Amino acid sequence: QVQLLESGGGLVQAGDSLRISCTGVGRSSYGLAAGWFRLAPGKESEWIATREFVAAIRYNDTTLYADAVKDRFTISRDDARNAVDLQMNNLKPEDTGTYYCGIALTIQAKPNFYVRWGQGTQVTVSL
């Protein structure tokens, strides 16, 4: 099994942008979709976005976004780095949380269907 590693989190001000990455994504992940979730203290895990990452089906370029982040966040893949990135624009305090990437067998929003996870990267958005 490959190791998933999130990076790029930090402390930013409301309205700022941040790009976080998940490396270790590829065919050896035994899946075809990579997704981003976030977890804040006292809150349940929230699905953010997901997309395919297998090169053989990249032509579909399938992506899905949660309503809370649609038009602000963009999920993309970088085959050279075996990575799936999340570009976050116009960040809000409610975006604060630990961001996790995971691998699923299908493109979906349910966390229980993701079979492998990274350790997370912290994103904090101040007022």
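Trainee: Why is A80 called exposed?

Mentor: This is a predicted model, so every value here is computed from it. A80 has a relative accessible area of 78%. Exposed means over 50%. A80 therefore counts as exposed.

Trainee: Where is A80 found?

Mentor: A80 is in the loop between β7 (73–78) and β8 (83–88).

Trainee: What makes up the secondary structure of the protein chain?

Mentor: Eleven strands and zero helices. Along the sequence, the pattern reads β-β-β-β-β-β-β-β-β-β-β.

Trainee: How do you know that the radius of gyration agrees with a compact globule?

Mentor: Set the value against the rule. For 127 residues, a compact globule would have a radius of gyration near 14 Å. The protein chain has 14 Å, so the two agree. The C-alpha atoms fill a box of roughly 45 × 25 × 25 Å along the principal axes.

Trainee: What share of the residues counts as buried?

Mentor: 42% of the 127 residues. The cut-off for buried is under 20% relative accessible area. The accessible surface of the protein chain is about 6,600 Å², and carbon and sulfur atoms hold 51% of that.

Trainee: What share of the contacts comes from residues 24 or more positions apart?

Mentor: 58%, counted among contacts with a separation of 6 or more.

Trainee: How far apart are the mean positions of the positive and negative charges?

Mentor: They are 4 Å apart, for 13 positive and 13 negative charges.

Trainee: How many aromatic pairs does a search of the whole structure find?

Mentor: Three. One of them joins F37 and Y114.

Trainee: Why is the pair of F37 and Y114 called edge-to-face?

Mentor: Take two steps. The ring centres are 4.9 Å apart, and a pair needs centres within 6.5 Å. The planes stand at 85°, and edge-to-face means over 60 degrees. The pair is therefore edge-to-face.

Trainee: What makes this pair a tie between parts apart in sequence?

Mentor: F37 lies in strand β4 (residues 33–39), and Y114 in strand β10 (residues 114–117). The pair therefore ties together parts that are 77 residues apart in sequence.

Trainee: Are F37 and Y114 buried or exposed?

Mentor: Buried. F37 has a relative accessibility of 2%. Y114 has 5%. The limit is under 20%, so both residues count as buried.

Trainee: What kind of aromatic pair do F37 and W117 form?

Mentor: Edge-to-face again: the centres are 5.1 Å apart, with 65° between the planes. W117 lies in strand β10 and F37 in strand β4, so this pair ties together parts 80 residues apart in sequence. F37, Y114 and W117 form one aromatic cluster.

Trainee: Why is W117 called partly exposed?

Mentor: Its relative accessibility is 32%.

Trainee: What is the phi of N90?

Mentor: It is positive, about 50°, although N90 is not a glycine. N90 sits in the loop between β8 and β9 (97–104). With 42% relative accessibility, N90 counts as partly exposed.

Technical notes
Residues are numbered from 1 along each chain as its sequence is written. This is a predicted model: local features need pLDDT of at least 70, side-chain atom pairs count only at pLDDT 80 or more; totals for chains, interfaces and linings use all residues. Side-chain values use heavy atoms; hydrogens and water are left out. Helices (H or I, at least four residues) and strands (E, at least two) are DSSP runs, numbered from the N terminus. The radius of gyration is taken over C-alpha atoms; the globule rule is 2.2 Å times the number of residues to the power 0.38. Buried means under 20% relative accessible area, exposed over 50%, partly exposed in between (1.4 Å probe, protein chains only). Contact means heavy atoms within 4.5 Å. Accessible areas come from the Shrake-Rupley method with a 1.4 Å probe; for residues, only the protein chains shown count as cover. Lys and Arg count as positive and Asp and Glu as negative; His and the chain ends are not counted. The place of a charge is taken as NZ of Lys, CZ of Arg, CG of Asp or CD of Glu. Rings of Phe, Tyr and Trp (its six-membered ring) pair if their centres lie within 6.5 Å; planes under 30 degrees apart count as stacked, over 60 as edge-to-face and the rest as tilted.
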